[in-house]
Amino acid sequence: MKLLYKKRRLYLNLAIGIVWIILFILKLLYTEPHNIWLLDYYMPVLSVLYLGQFLYQYHYQYLIVTDTEIIRNHLFFGKKIPLKSVERFYTNNLGDYVIEGAGKKIKINPIIVNQKSLQEFKGFTRTLSIATEIH
């Protein structure tokens, strides 16, 4: 099971990346070569970053539940919690859902997650024998 990002978030990153490419191309076409500064090359760098973020998030999504573990996908700060060691599932004061287990916490931000897949995930947590404190 996958916990999906909202489509709006994904395609907004794609649109921003495309806009940066278009702006860079227009800058190259309509500016004389001696008027292009080194700082003007931030546009393709930003474009690559936004397009890379779109591709990574589209492919890996927010959270993956396998038969043995819960995996929070993040390029640098990903976390894994084995299903056998999940102890609690609750909401914190900010409204985030938190999964605790094996000395780790995985926070799920409901604002950037697809609501349908979030409801499926809540149903999945009800099947586990853990303490749930969801309001």
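What percentage of the 135 residues of the protein chain count as buried? Which residues of helix α1 are buried, and what covers them?

Modeller: This is a predicted model, in which local features need pLDDT of at least 70 and side-chain atom pairs count only at pLDDT 80 or more, while totals for chains, interfaces and linings use all residues. Residues are numbered from 1 along each chain as its sequence is written, and side-chain values use heavy atoms, with hydrogens and water left out.

Of the 135 residues, 32% count as buried, that is, under 20% relative accessible area, with exposed being over 50% and partly exposed in between (1.4 Å probe, protein chains only). The mean pLDDT (the predictor's confidence in each residue, from 0 to 100) is 90 for the protein chain, and 97% of the residues score at least 70. Confidence is highest in helix α2 (residues 42-60), at 95, and lowest in strand β8 (residues 131-133), at a mean of 68.

The chain contains three helices and eight strands, these being DSSP runs numbered from the N terminus (helices H or I, at least four residues; strands E, at least two). Their order along the sequence is β-α-α-β-β-β-β-β-β-α-β.

Within α1, the residues Leu10, Asn13, Gly17 and Phe24 are buried. The cover over these buried residues includes α2.

The structure holds ten aromatic pairs, meaning rings of Phe, Tyr and Trp (its six-membered ring) with centres within 6.5 Å; planes under 30 degrees apart count as stacked, over 60 as edge-to-face and the rest as tilted. One of these pairs joins Tyr11 and Phe54, whose centres are 5.8 Å apart and whose planes meet at 45 degrees, so the pair is tilted. Because Tyr11 lies in helix α1 and Phe54 in helix α2, the pair ties together parts that are 43 residues apart in sequence. Tyr11 is partly exposed, at 40% relative accessibility, whereas Phe54 is buried, at 9%.

Phe24 and Tyr41 form another tilted pair, with 5.7 Å centre to centre and 55 degrees between the planes. This pair links helix α1, which holds Phe24, to the loop between α1 and α2, which holds Tyr41, 17 residues apart. Phe24 is buried at a relative accessible area of 14%, while Tyr41 is partly exposed at 41%.

Conventions:
Contact = heavy atoms within 4.5 Å.
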